[in-house]
Amino acid sequence: MSGEHSLDFSTLGYLRVAAVAPVVEIGQPLANLQHIRSCLAPLATQQVSVAVFPELCLSGYSAEDLFFTEPLLRGCVEALHALCADNPLPLLLVGCPWQLADGRLLNCAVAISGGRVLGMVPKSVQPNYGEFYDLRWFVPGANINEVIQHPDLGQFALRVDQLFELGGTRLGIEICEDLWAPQPPGVQAALAGADIVANLSASNELIAKVDYRRDLVRMASAKNICGYVYAGASATESSKDVVYGGHCMIYESGQQLAESDRFSLQGTQIVADLDIHRLRHDRAQNISFASSPRPTPYRCQT
């Protein structure tokens with residue numbers, strides 16, 4: 001295995017990606033920072049280019065009304081600042097809450113590269129049915145369009161319609177329920193040029209839900225002719241009456257490349273190589289995809 005990971009296939013059009021479900025301590029951003037850091041060095045050793053961590057992994061998805069507290073929000077900013085300073089990977093995606101200047105709270109994916117925040121993508125669809133109460137804390141992010149000027153994190157865009165470029169490969173972002181929605185934002189990201197869609201998730205475990213979740217990821221990667229990297233909240237999120245499993249998956253155009261076991265209390269991670277050249281060839285050849293209407297051009301952050 002070590003020999004396999006020492007090979008560099010990037011010159012042949014491959015990109016090595018990882019999905020990680022780290023140990024999480026609810027409401028403890030600086031402790032979660034350390035858990036994330038402990039995962040990064042091994043990923044860098046394996047020459048991973050993009051690592052996707054779960055939804056709200058800096059705060060814990062299950063923090064509930066702690067999202068309204070200043071110490072939690074301040075701690076998440078401190079953790080982001082620290083990750084910018086010492087992230088060894090070309091592109092790192094983590095989840096955290098973010099409060100706008102007007103007081104609204106957003107559930108965001110944060111793209112970190114080159115010592116800075118490249119951008120934040122807010123969760124478009126907030127589930128508020130069954131066991132989910134996301135609208136208690138967060139507003140939907142589909143129509144958010146902000147340029148953030150932060151004293152520690154610098155200037156970056158906070159909006160859905162942006163892609164992140166790494167060595168010519170473009171990546172779009174969904175957050176959990178976005179994939180379950182009738183019109184997932186990942187479809188628009190793929191049509192705008194995203195070779196990869198990353199999903200930072202906190203999908204809980206119910207009987208047979210793992211099969212449904214796997215099918216959603218498989219078909220999203222198939223119909224969008226893309227790589228799909230899914231990172232689910234770890235079992236350590238299971239602090240109340242909802243159970244999480246740390247389900248991680250990597251698919252390429254409908255084919256499974258890697259899938260994690262579930263319910264590990266030590267966290268889990270998977271790594272796979274996506275064939276970006278193959279995806280682009282298949283998109284060009286597939287006239288249904290090639291002729292589909294394109295969205296308004298997305299911003300591309302590098």
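Select Met249 first: across from it, in β13, stands Glu259. Strands here are DSSP runs of E with at least two residues, helices are runs of H or I with at least four, and both are numbered from the N terminus. You're looking at a predicted model, where local features need pLDDT of at least 70 and side-chain atom pairs count only at pLDDT 80 or more, while totals for chains, interfaces and linings use all residues. Residues are numbered from 1 along each chain as its sequence is written, and side-chain values use heavy atoms, leaving out hydrogens and water.

Now colour β12 (residues 248–252) and β13: they pair in the antiparallel sense over four bridges. (Two strands pair if DSSP finds at least two bridges between them.)

Next, select helix α6, residues 209–223. It packs on the sheet and touches β11 (227–232), β12 and β13, with its direction at about 30° to that of β12. Contact means heavy atoms within 4.5 Å; the angles run from 0 to 180 degrees between N-to-C directions, using axes fitted as lines to C-alpha atoms, for helices over the stretch in contact.

Time to zoom out. What is the order of the strands in this open sheet? The seven strands go β13-β12-β11-β10-β9-β8-β15, with mixed pairing. At the edges sit β13 (255–259) and β15 (299–301), each pairing on one side only. Neighbouring strands are turned by 25° against each other on average, ignoring direction.

Step to Cys226, in the loop between α6 and β11. Is Cys226 buried or exposed? Its relative accessibility is 0%, so Cys226 counts as buried. The cut-offs: buried is under 20% relative accessible area, exposed is over 50%, and partly exposed lies in between, with a 1.4 Å probe and protein chains only. Show what surrounds Cys226: beyond its neighbours within four places in sequence, its contacts include Ala194, Tyr251, Leu279 and Arg283.

Move on to β9, where six of the seven residues are buried. On one side, β9 pairs with β8 (residues 162–166) in the antiparallel sense over three bridges; look for Leu166 opposite Thr169. These two strands make a hairpin with two residues between them, and Gly167 in the turn has a positive phi of about 60°. β9 also pairs with β10, this time in the parallel sense over five bridges, and there Ile173 stands opposite Ala198.

Now pick out helix α7. Its buried residues are Ile276, Leu279, Asp282 and Arg283. Look down the axis of α7 and they fall within an arc of 125°, so they line one face of the helix; the arc is that of the directions from the helix axis to the C-beta atoms. An α-helix has 3.6 residues a turn, so residues three or four places apart point the same way. On the other side of α7 you'll find Ala284 and Gln285, both exposed. At the start of α7, a side-chain oxygen of Asp275 comes within 3.4 Å of the backbone nitrogen of His277.

Last stop: β1, residues 14–21. Seven of its eight residues are buried, so β1 is largely enclosed by the rest of the structure. Eight bridges join β1 to β14 (residues 268–275), and the two run antiparallel. Select Arg16 to see Asp273 of β14 opposite.

Technical notes. A polar contact is a pair of N or O atoms within 3.5 Å; within protein, one must be able to donate a hydrogen and the other to accept it, and residues adjacent in sequence count only if both atoms are side-chain atoms.
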